[in-house]
Amino acid sequence: MDLTIGVGILRMVSELADFGRSVMYKSEKTSIKLIEIDMQVKPLLFVAAITLFISSCARQVTRVSPDEAIDISGNWNNTDSRMVADEMTKTILGSSWLGNHLEKNGGTKPVVVVGMMQNKSHEHIDAETFVKDIERAFVQTQRVRLVQGGKKREELRAEKADQQDNASLSTMKKFGLENGADYILQGSINSIVDSHKRQKVVYYQVDLELTDIQSNEVIWIGDKKIAKYVRN
């Protein structure tokens, strides 16, 4: 039951209590008895009403598949993140830069690091989930090699520094042997909102660009747009 039903229950019980009071005034001889009934019944009715009201407002949770597309608010959600990441990763890996790199480097796969993903939209969007979706797609396709960047890379270096003092010589990992990335993928999430009264259309645009770290040359640019119509 929803909140409206709960309020209806409270109103119904209140009317029943008023009905008991109106009966009480019809007969002076039985007024005392009716007052006693009224005093005994009203607390019970009140407790019953509160119980029904609370139960009517209880939250219900149903497990669903994480792959199922469910839009509740119309905001950016996990389905948008996964869909955009999958489509844009396919576009990146299907572009000519990859073939050019393989040809130039004797078939050696390029090493890619996913860099900063800026959220410039009107919503609070956790860009980390989008970055993770892209990284997952890179790893699953096995067409490029992926290295850690940002805070995770700093954590790895801190662990390596700790090993210099605390690990045995045979297991200690050395500095200076990391795989240097050939390319960095960066991007942003933007949005435009067009609204009137109870209707709105939200346009999301995700822009990505791949840059050669050695030369700073931008070798690929792509975007993906999503439009959502919401009526409240």
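## A pair across two strands

Gln-199 stands opposite Arg-231, a residue of strand 5. Helices (H or I, at least four residues) and strands (E, at least two) are DSSP runs, numbered from the N terminus. The structure here is a predicted model, where local features need pLDDT of at least 70 and side-chain atom pairs count only at pLDDT 80 or more, while totals for chains, interfaces and linings use all residues. Residues are numbered from 1 along each chain as its sequence is written, and side-chain values use heavy atoms, with hydrogens and water left out.

Let's zoom out. Five strands make up an open sheet with mixed pairing, in the order 2-1-3-4-5. At its edges sit strand 2 (145-146) and strand 5 (218-231), each pairing on one side only. Two strands count as paired if DSSP finds at least two bridges between them.

Strand 3 and strand 4 run antiparallel, joined by 14 bridges; here Gln-186 faces Glu-209 of strand 4. These two strands form a hairpin with two residues between them, and Lys-197 in the turn has a positive phi of about 50 degrees. Val-201 stands opposite Tyr-229 of strand 5. This second hairpin has five residues between its strands, and Asn-216 in the turn takes a positive phi of about 65 degrees.

Which residues of helix 4 (residues 96-104) are buried? They are Trp-97, Leu-98 and His-101. Looking down the axis of helix 4, you'd find these buried residues within an arc of 100 degrees, so they line one face of the helix. (The arc is that of the directions from the helix axis to the C-beta atoms.) Buried means under 20% relative accessible area, exposed over 50%, and partly exposed in between, using a 1.4 Å probe and protein chains only.

On the face turned away from the buried side, helix 4 carries the exposed Ser-96 and Glu-103. The cover over its buried residues includes helix 3, strand 3, strand 4 and strand 5. Contact means heavy atoms within 4.5 Å.

Now for the aromatics. Rings of Phe, Tyr and Trp (its six-membered ring) pair if their centres lie within 6.5 Å; planes under 30 degrees apart are stacked, over 60 edge-to-face, and the rest tilted. That rule gives three aromatic pairs. Trp-76 and Tyr-204 have ring centres 5.6 Å apart and planes at 65 degrees, so this pair is edge-to-face. Because Trp-76 lies in the loop between helix 2 (31-56) and helix 3, and Tyr-204 in strand 4, the pair ties together parts 128 residues apart in sequence.

For Trp-97 and Tyr-183 the centres are 5.1 Å apart and the planes at 65 degrees, so that pair is edge-to-face too. It links distant parts of the chain, with Trp-97 in helix 4 and Tyr-183 in strand 3, 86 residues apart. Both Trp-97 and Tyr-183 are buried. One aromatic cluster is made of Trp-76, Phe-130 and Tyr-204.

## A buried aspartate

Asp-133 belongs to helix 5 (residues 127-141). Is Asp-133 buried or exposed? Asp-133 has a relative accessible area of 15%, so it is buried. Leaving aside residues up to four places away in sequence, Asp-133 touches Ser-81, Arg-82 and Ala-85.
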